[in-house]
Amino acid sequence: MSRQLATHRTDGADKNVWVEFTQLAADYKAVNLGQGFPDFSPPKFVKEAFCEAVNGGPSMHQYTRAFGHLPLVKSLAKFFSRIVDHEIDPLEDVLVTVGAYQALFSAFQALVNKGDEVIIIEPFFDCYQPMVTMAGGKPVYVPLRPKVEGNTNQSSGDWVLSAEELASKITPRTKAIVINTPNNPLGKVYKTEELQMIADLCIKHDVLCISDEVYEWLMYDGAKHVKIASLPGMWDRTITVGSAGKTFSATGWKVGWAISSGHIIEHLKVIHQNTVFDCATAAQEAVARGFEREYELFGTPESYFQQLPAMLHHKRKKLASCLESVGLQPIMPEGGYFMIADVSSIKVDFNDQSTEDEPYDFRFVKWLIKEKGLATIPVSAFYSPEHRKDFDKYIRFCFVKKDSTLDAAEDLLRKWRIGK
């Protein structure tokens, strides 16, 4: 074809850190602590609900309501109305999507016009930037920064957002602020006062907030998840994105949602009905039953939302101890699937000349995969080009893995320590 084949909106969006490092891990048969998904099964009750749905009547195998299976939107509305202290309309305020990914895509496509500026708090999940640019918007970046550098017992709570820096980035063209709490990859859980600062700016400047909260049930060491939509004046300007995959450890089901005021959700519905149109019926039915169960057990020891973080708390401590044993400095996450570690104290002789122009953490991760058989993800991939150099001495580990996987990683790290 003589004319340009690809559209300009995909310029620069072709490279993907997940494709590159997943393939590299597979090529070297590495123990994979890179990708963010559990390698254990969802809880029995939700698997049984899925099986019952699949074995149900013909309706479970056909299209359901385009904007969300009725039992699911009703379950989500009932469950989260209690959390945000606002009566959520299941038909108007909830959109079920193909994972949280599609909820984010629908939000950016529906709400960002050409030339609009979207402030993204760094580090950020890497799809935010291309989704903003493909919608015609301009990403503007504000990084979280560690309060105390060099502290050997750092927590993700030590990384803070400057109110002055955030306010300085707001212009008449600012359409939205994007936050992720708990944060991927850092594990930071925003405190109420931090969210209130963001909310005050949103209200003052008439700006939307897109809040990615897929890890909302994974809290450690007493951290509390607060929804920014629950703060005064924020329900009508917040799009809250959630994920059944992260909620029930079933990422392959690809069920997500966006919850907001109906006057916002109606625009996301337009994108949804003209792209994917519908989501898998049986998976939605199973998730609906899962939320019905959790509604009744909420806050009790029998709740999966209590049991999962309790289990992961021990895996998180185990990984941190292993990393410290080889001289890495873990940043203890308050929430989520991930832990980042400072690798600046480790001296490595990079022999691979093909990587010499890449960021330090990219080179380190490739060395770790090829030489030590352990796969992780470079943290600078979660930053903009303008801030990437400031944060290229960190790598990300996923600890939401079976004990056997973590034991295999521990064994590799032990051999590394002995060989040093």
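Contact here means heavy atoms within 4.5 Å, and helices (H or I, at least four residues) and strands (E, at least two) are DSSP runs, numbered from the N terminus. This is a predicted model, in which local features need pLDDT of at least 70 and side-chain atom pairs count only at pLDDT 80 or more, while totals for chains, interfaces and linings use all residues. Residues are numbered from 1 along each chain as its sequence is written, and side-chain values use heavy atoms, with hydrogens and water left out.

**Stop 1**

For the classes, Ala, Val, Leu, Ile, Met, Phe, Trp, Tyr, Cys and Pro count as nonpolar, Asp, Glu, Lys and Arg as charged, and the others, Gly among them, as polar.

Now show the whole of helix α2 (residues 44-54) with α10: their axes come within 8 Å and cross at roughly 140°. Axes are lines fitted to C-alpha atoms, for helices over the stretch in contact, and angles run from 0 to 180 degrees between N-to-C directions. Angles under 35 degrees count as roughly parallel, over 145 as roughly antiparallel, 65 to 115 as roughly perpendicular and the rest as oblique. α2 and α10 are therefore oblique to each other. Their crossing is right-handed; a crossing is left-handed if the near helix is turned anticlockwise from the far one by less than a right angle, and right-handed if clockwise.

**Stop 2: α3 against α10**

To view the contact, pick Pro-71, Leu-72, Ser-75, Leu-76, Lys-78, Phe-79, Phe-80 and Arg-82 in α3, which meet Gln-284, Glu-285, Val-287, Ala-288, Phe-291, Glu-292, Glu-294 and Tyr-295 in α10. Their classes are 9 nonpolar, 2 polar and 5 charged.

**Stop 3: Asp-85**

Move on to Asp-85, in the loop between α3 and β2 (94-97). Its phi is near 55°, a positive value in a residue other than glycine. Most residues other than glycine have a negative phi, and most peptide bonds are trans.

**Stop 4: two cis bonds**

Another, from Asn-184 to Pro-185, is cis with omega near 20°, and Pro-185 is found in the loop between β7 and α7.

**Stop 5: α1 and α12**

Show α1 with helix α12 (residues 360-372), where the axes come within 10 Å and cross at roughly 25°. That makes α1 roughly parallel to α12. The contact joins Val-17, Glu-20, Phe-21, Leu-24 and Ala-25 of α1 to Phe-362, Val-365, Lys-366, Ile-369 and Lys-370 of α12. It has 7 nonpolar, no polar and 3 charged residues.

**Stop 6: the pocket and the cavities**

On a 1 Å grid over the protein atoms alone, a cavity is a set of points where a 1.4 Å probe fits but cannot get out, and a pocket is an open set with protein on both sides within 12 Å along at least five of seven lines; lining residues have an atom within 4 Å of a point. Grid points are joined across faces, edges and corners, and a volume is the space filled by probe spheres set on the points.

The largest pocket has a volume of about 750 Å³. Of its 25 lining residues, select Gly-12, Lys-15, Asn-16, Val-17 and Arg-388, the closest to its centre. The largest share of the lining, 4 residues, comes from α5.

Next, select Phe-80, Val-84, Ile-88, Lys-227, Ala-229, Trp-235, Thr-240, Trp-257 and Ile-259, which line the largest cavity. Its volume is about 60 Å³.

Finish at the second largest cavity, with about 40 Å³ of space. Phe-21, Thr-22, Ala-25, Asn-32, Gly-34, Gln-35, Ala-375, Thr-376 and Ile-377 line it, and α1 supplies the largest share, 3 residues.
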